[in-house]
Amino acid sequence: MRKTLLTLALATLALPALADEAQMTENARQTAMQLIKQLGGELQKQMSSGGPESAITVCKEKAPAIVSEMSRSTGWRVTRVSLKTRNPLLGTPDEWEQRALKILERRLAEGAKPETLEFAQIVDEPAGKVYRYMKALPVQPVCTTCHGGAENIPDGVKARLAAEYPHDKATGYSPGMIRGGISIKRPL
(Lines give C-alpha, C1' and ligand atoms only; values in the text may rest on other atoms or scores of the structure.)
Protein backbone atom coordinates (compact mmCIF):
# COMPACT_ATOMS: atom_id res chain seq x y z
CA MET A 1 0.00 0.00 0.00
CA ARG A 2 2.78 2.41 0.96
CA LYS A 3 4.62 1.66 -2.31
CA THR A 4 1.42 2.27 -4.27
CA LEU A 5 0.89 5.64 -2.59
CA LEU A 6 4.48 6.62 -3.28
CA THR A 7 4.09 5.59 -6.92
CA LEU A 8 0.86 7.59 -7.21
CA ALA A 9 2.46 10.61 -5.58
CA LEU A 10 5.44 10.49 -7.92
CA ALA A 11 3.18 10.02 -10.95
CA THR A 12 1.08 13.00 -9.86
CA LEU A 13 4.21 15.13 -9.55
CA ALA A 14 5.28 14.08 -13.06
CA LEU A 15 1.98 15.14 -14.67
CA PRO A 16 2.77 18.87 -14.72
CA ALA A 17 6.19 18.10 -16.21
CA LEU A 18 4.56 16.02 -18.96
CA ALA A 19 2.01 18.76 -19.58
CA ASP A 20 4.80 21.34 -19.72
CA GLU A 21 6.75 19.19 -22.17
CA ALA A 22 3.65 18.73 -24.34
CA GLN A 23 3.09 22.50 -24.30
CA MET A 24 6.73 23.15 -25.20
CA THR A 25 6.41 20.70 -28.10
CA GLU A 26 3.28 22.43 -29.34
CA ASN A 27 4.98 25.85 -29.05
CA ALA A 28 8.09 24.55 -30.83
CA ARG A 29 5.93 22.98 -33.57
CA GLN A 30 4.10 26.29 -34.10
CA THR A 31 7.40 28.17 -34.23
CA ALA A 32 8.81 25.71 -36.78
CA MET A 33 5.67 25.89 -38.91
CA GLN A 34 5.74 29.69 -38.78
CA LEU A 35 9.35 29.63 -39.97
CA ILE A 36 8.54 27.17 -42.78
CA LYS A 37 5.62 29.34 -43.90
CA GLN A 38 7.62 32.56 -43.78
CA LEU A 39 10.62 31.11 -45.64
CA GLY A 40 8.35 29.44 -48.19
CA GLY A 41 6.59 32.72 -48.84
CA GLU A 42 9.88 34.55 -49.35
CA LEU A 43 11.15 31.83 -51.70
CA GLN A 44 7.94 31.85 -53.76
CA LYS A 45 8.00 35.63 -54.04
CA GLN A 46 11.64 35.65 -55.17
CA MET A 47 11.15 32.73 -57.58
CA SER A 48 8.21 34.56 -59.17
CA SER A 49 10.06 37.83 -59.56
CA GLY A 50 13.59 36.70 -60.40
CA GLY A 51 13.68 32.95 -60.94
CA PRO A 52 15.65 30.29 -59.12
CA GLU A 53 19.03 32.01 -59.36
CA SER A 54 17.73 35.03 -57.48
CA ALA A 55 15.96 32.82 -54.93
CA ILE A 56 19.39 31.77 -53.67
CA THR A 57 19.60 35.17 -51.96
CA VAL A 58 16.59 34.21 -49.82
CA CYS A 59 18.44 31.23 -48.37
CA LYS A 60 21.76 33.06 -48.11
CA GLU A 61 20.60 36.42 -46.73
CA LYS A 62 16.95 36.50 -45.72
CA ALA A 63 16.68 33.08 -44.07
CA PRO A 64 19.44 33.72 -41.50
CA ALA A 65 17.87 37.10 -40.68
CA ILE A 66 14.40 35.55 -40.29
CA VAL A 67 15.78 32.75 -38.11
CA SER A 68 17.71 35.24 -35.98
CA GLU A 69 14.64 37.43 -35.49
CA MET A 70 12.57 34.37 -34.58
CA SER A 71 15.16 33.38 -31.97
CA ARG A 72 15.06 36.89 -30.48
CA SER A 73 11.28 37.08 -30.43
CA THR A 74 10.73 33.62 -28.90
CA GLY A 75 13.74 33.50 -26.58
CA TRP A 76 14.52 30.05 -27.99
CA ARG A 77 17.53 29.19 -30.16
CA VAL A 78 16.08 28.48 -33.61
CA THR A 79 18.32 27.15 -36.39
CA ARG A 80 18.17 25.24 -39.66
CA VAL A 81 20.56 22.30 -39.87
CA SER A 82 21.34 19.45 -42.25
CA LEU A 83 23.54 16.39 -42.48
CA LYS A 84 24.53 17.71 -45.93
CA THR A 85 25.21 21.39 -45.38
CA ARG A 86 25.18 24.15 -47.91
CA ASN A 87 26.64 26.70 -45.49
CA PRO A 88 28.74 24.89 -42.87
CA LEU A 89 28.98 28.02 -40.71
CA LEU A 90 25.21 28.18 -40.17
CA GLY A 91 23.90 24.71 -40.91
CA THR A 92 26.19 22.20 -39.22
CA PRO A 93 24.25 20.13 -36.68
CA ASP A 94 25.54 19.51 -33.18
CA GLU A 95 25.63 15.95 -31.79
CA TRP A 96 21.98 15.97 -30.63
CA GLU A 97 20.81 17.43 -33.95
CA GLN A 98 22.73 14.79 -35.92
CA ARG A 99 21.09 12.05 -33.87
CA ALA A 100 17.63 13.64 -34.24
CA LEU A 101 18.02 13.96 -38.03
CA LYS A 102 19.06 10.30 -38.27
CA ILE A 103 16.01 9.30 -36.20
CA LEU A 104 13.77 11.28 -38.56
CA GLU A 105 15.39 9.65 -41.59
CA ARG A 106 14.87 6.21 -40.05
CA ARG A 107 11.19 7.00 -39.42
CA LEU A 108 10.86 8.16 -43.02
CA ALA A 109 12.39 4.86 -44.23
CA GLU A 110 9.86 3.02 -42.04
CA GLY A 111 7.02 4.75 -43.90
CA ALA A 112 6.23 7.88 -41.90
CA LYS A 113 4.99 10.88 -43.89
CA PRO A 114 7.84 13.40 -44.19
CA GLU A 115 5.68 16.40 -43.25
CA THR A 116 4.78 14.79 -39.90
CA LEU A 117 8.32 14.02 -38.77
CA GLU A 118 9.46 15.65 -35.55
CA PHE A 119 11.46 14.68 -32.49
CA ALA A 120 11.54 16.28 -29.03
CA GLN A 121 13.49 15.52 -25.90
CA ILE A 122 14.64 17.03 -22.62
CA VAL A 123 18.37 16.53 -22.29
CA ASP A 124 21.09 17.27 -19.77
CA GLU A 125 23.81 19.57 -21.05
CA PRO A 126 26.79 21.05 -19.18
CA ALA A 127 24.80 24.25 -18.48
CA GLY A 128 21.73 22.30 -17.26
CA LYS A 129 18.56 20.77 -18.64
CA VAL A 130 17.33 21.92 -22.04
CA TYR A 131 14.33 21.16 -24.19
CA ARG A 132 15.30 20.14 -27.76
CA TYR A 133 12.99 19.90 -30.78
CA MET A 134 13.60 18.99 -34.42
CA LYS A 135 11.08 19.38 -37.27
CA ALA A 136 11.96 17.71 -40.57
CA LEU A 137 12.25 19.82 -43.69
CA PRO A 138 11.01 17.54 -46.48
CA VAL A 139 12.14 18.15 -50.05
CA GLN A 140 9.35 19.50 -52.25
CA PRO A 141 9.52 19.22 -56.07
CA VAL A 142 10.53 22.88 -56.42
CA CYS A 143 13.44 22.29 -54.01
CA THR A 144 15.21 20.09 -56.57
CA THR A 145 15.97 23.19 -58.65
CA CYS A 146 18.72 23.99 -56.12
CA HIS A 147 19.00 20.77 -54.09
CA GLY A 148 18.35 18.03 -56.66
CA GLY A 149 20.74 15.89 -58.63
CA ALA A 150 23.10 17.49 -61.14
CA GLU A 151 20.60 16.76 -63.93
CA ASN A 152 17.89 18.79 -62.14
CA ILE A 153 19.88 21.92 -61.39
CA PRO A 154 20.02 24.51 -64.21
CA ASP A 155 23.51 25.67 -65.22
CA GLY A 156 22.91 29.24 -64.01
CA VAL A 157 21.87 27.95 -60.58
CA LYS A 158 24.92 25.64 -60.46
CA ALA A 159 27.21 28.58 -61.20
CA ARG A 160 25.55 30.79 -58.58
CA LEU A 161 25.68 28.02 -55.95
CA ALA A 162 29.38 27.39 -56.70
CA ALA A 163 30.11 31.09 -56.24
CA GLU A 164 28.00 31.56 -53.10
CA TYR A 165 28.66 28.19 -51.43
CA PRO A 166 32.06 26.77 -52.36
CA HIS A 167 31.69 23.92 -49.81
CA ASP A 168 28.13 22.96 -50.81
CA LYS A 169 27.08 19.39 -50.03
CA ALA A 170 23.31 20.03 -50.16
CA THR A 171 22.48 18.41 -53.50
CA GLY A 172 21.35 15.00 -54.68
CA TYR A 173 17.91 15.19 -53.07
CA SER A 174 14.60 14.12 -54.55
CA PRO A 175 11.05 14.97 -53.45
CA GLY A 176 10.00 13.32 -50.20
CA MET A 177 13.51 13.07 -48.78
CA ILE A 178 14.51 15.03 -45.67
CA ARG A 179 16.67 18.01 -46.60
CA GLY A 180 17.38 18.89 -42.96
CA GLY A 181 15.46 20.21 -40.03
CA ILE A 182 14.46 23.16 -37.94
CA SER A 183 16.11 22.80 -34.56
CA ILE A 184 14.76 24.57 -31.50
CA LYS A 185 16.47 24.65 -28.14
CA ARG A 186 15.25 26.11 -24.88
CA PRO A 187 16.99 26.11 -21.48
CA LEU A 188 14.83 24.85 -18.64
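Which residues are linked with Arg132 in a network of salt bridges? The legends below work towards the reply, starting with some notes on the model.

This is a predicted model, in which local features need pLDDT of at least 70 and side-chain atom pairs count only at pLDDT 80 or more, while totals for chains, interfaces and linings use all residues. Residues are numbered from 1 along each chain as its sequence is written, and side-chain values use heavy atoms, with hydrogens and water left out.

**View 1. Arg132 belongs to a network of salt bridges.** Here is the reply: Arg132 is linked with Arg77, Asp94, Glu97, Glu125 and Lys185. A salt bridge here is a side-chain nitrogen of Lys or Arg within 4 Å of a carboxyl oxygen of Asp or Glu. Searching the whole structure turns up 16 salt bridges. Look for the contact between Glu125 and Arg132, where the closest N and O atoms are 3.0 Å apart. Arg132 is buried, at 1% relative accessible area, whereas Glu125 is partly exposed at 24%. (Buried means under 20% relative accessible area, exposed over 50%, and partly exposed in between, with a 1.4 Å probe and protein chains only.)

**View 2. Strands S2 and S3 form a hairpin.** Strand S2 covers residues 118-125 and strand S3 covers residues 128-138; two residues lie between them. Helices (H or I, at least four residues) and strands (E, at least two) are DSSP runs, numbered from the N terminus. The two strands run antiparallel and are joined by eight bridges, and strands count as paired if DSSP finds at least two bridges between them. To get your bearings, find Glu118, which stands opposite Lys135 in S3. In a regular strand, side chains alternate between the two faces of the sheet.

**View 3. Glu164 forms a salt bridge with Lys60.** The closest N and O atoms of Glu164 and Lys60 are 3.3 Å apart. This pair links distant parts of the chain: Glu164 is in helix H5 (residues 155-164) and Lys60 in helix H1, 104 residues apart. Glu164 counts as partly exposed at 25% relative accessibility, and Lys60 is partly exposed at 33%.
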